[in-house]
Amino acid sequence: MTLSLAQMRRNYTLFGLQDEQALDDPLAMFRQWLRQARETEQAPVEANSMMLATVDPQGRPHCRVLLLKGMSDQGFTFFGNYQSDKGRQLAANPHAAMTFFWPGLERQVRIEGQVAQLDPALSDAYFDSRSVASRLGAWASPQSRPLASRAALDQLLAETTKRFVDEPVVRPEHWGGYCLHPERLEFWQGRADRLHDRVDYRLHDGLWRRSRLAP
């Protein structure tokens, strides 16, 4: 029997998140959860995949899936085209939100903060680590712009490949990294009967304050 959307549900019973299990440092806790997700999640789930939400100048939200490519005490790093929709939205409003969902662990992490472009040297280093095909794609694709057809994109790639046939594929100025500097993290652990655990961290005057939220 095919279930209706209203009937589709999953009861989360694997773990709990007790107060004594919550670390004082949310970044250390995120690293712990990410490490466990890398050890647990199976393909096609990528443990570093995340949803990134931005807001356009009209106040309308936009969300897409990206890959987290780095993390430090300063924040969470990802890369993309500065001239894409998300790039223009971040330029107009640097506030953004990330969500990670790890179904194998029945966990979710929400992160909110301000985004800034990375130092160009860091973007260069990451770009150089990518495959040549990916580097050519960054040059060829006018990301978020309308295309007449798939053939039009193939033609742009062919022209780009020809352009760089005798020279290194360096990073274009319109492509690079971002760092989201977190101001809030919420750790969600699925529990039975929808009585989930939610532990919330907020940054105040450089210090993290932790609280528990009702599910």
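This is a predicted model: local features need pLDDT of at least 70, side-chain atom pairs count only at pLDDT 80 or more; totals for chains, interfaces and linings use all residues.
Residues are numbered from 1 along each chain as its sequence is written, and side-chain values use heavy atoms, with hydrogens and water left out.

The protein chain contains 5 helices and 9 strands, where helices (H or I, at least four residues) and strands (E, at least two) are DSSP runs numbered from the N terminus. In sequence order these elements follow the pattern α-β-β-β-β-α-β-β-α-α-α-β-β-β. The C-alpha trace spans about 60 × 55 × 40 Å along its principal axes. Of the 215 residues in the chain, 37% count as buried; the classes are buried (under 20% relative accessible area), exposed (over 50%) and partly exposed (in between), computed with a 1.4 Å probe on protein chains only. Among contacts (heavy atoms within 4.5 Å) with a separation of 6 or more, residues 24 or more positions apart account for 65%.

The largest pocket holds about 290 Å³ of space. Of the 15 residues lining this pocket, Phe79, Gly80, Arg130, Gln143 and Trp175 are the closest to its centre. A pocket is here an open set of points on a 1 Å grid over the protein atoms alone, where a 1.4 Å probe fits and protein lies on both sides within 12 Å along at least five of seven lines; lining residues have an atom within 4 Å of a point. Grid points are joined across faces, edges and corners, and the volume is the space filled by probe spheres set on the points. Strand S2 (61-67), strand S4 (75-81) and helix H4 (132-140) each supply at least two lining residues, and S4 gives the most, with 4 residues. By residue class the lining comprises 7 nonpolar, 5 polar and 3 charged residues, with Ala, Val, Leu, Ile, Met, Phe, Trp, Tyr, Cys and Pro taken as nonpolar, Asp, Glu, Lys and Arg as charged, and the others, Gly among them, as polar.

The structure holds 17 salt bridges, each defined as a side-chain nitrogen of Lys or Arg within 4 Å of a carboxyl oxygen of Asp or Glu. One of them joins Asp85 to Arg88, with the closest N and O atoms 2.4 Å apart. Both residues belong to helix H2 (residues 85-92), where a spacing of 3 residues corresponds to about one turn of the helix. Asp85 is partly exposed at 30% relative accessibility, and Arg88 is also partly exposed, at 38%. Within helix H5 (residues 150-163), Arg150 and Asp154 lie 4 residues apart, again about one turn of the helix. Their salt bridge has its closest N and O atoms 3.4 Å apart. Arg150 counts as exposed at 60% relative accessibility, whereas Asp154 is partly exposed at 40%.

A further salt bridge connects Arg212 with Asp197, the closest N and O atoms being 2.9 Å apart. Because Arg212 lies in strand S9 (residues 207-213) and Asp197 in strand S8 (residues 197-204), the pair ties together parts that are 15 residues apart in sequence. Arg212 is partly exposed at 36% relative accessibility, while Asp197 is buried at 8%. Salt bridges with shared partners also join Arg110, Glu112, Arg184, Glu186, Arg198, Asp200 and Arg202 into one network.

Two loop residues were also examined. Glu106 is located in the loop between strand S5 (95-102) and strand S6 (107-117) and, at 3% relative accessibility, counts as buried. Apart from neighbours within four places in sequence, Glu106 is in contact with Arg10, Asn11, Tyr12, Thr13, Leu14, Trp188, Gln189 and Gly190. His196 occupies the loop between strand S7 (175-189) and S8, and is buried at 11% relative accessibility. With sequence neighbours within four places again left aside, His196 is in contact with Tyr12, Trp188, Gln189, Gly190, Arg191 and Pro215. The side chain of His196 reaches the backbone nitrogen of Arg191 at 3.0 Å. Between His196 and Leu68, 128 residues apart in sequence, the C-alpha to C-alpha distance is 25 Å.

Note on methods:
A polar contact is a pair of N or O atoms within 3.5 Å; within protein, one must be able to donate a hydrogen and the other to accept it, and residues adjacent in sequence count only if both atoms are side-chain atoms.
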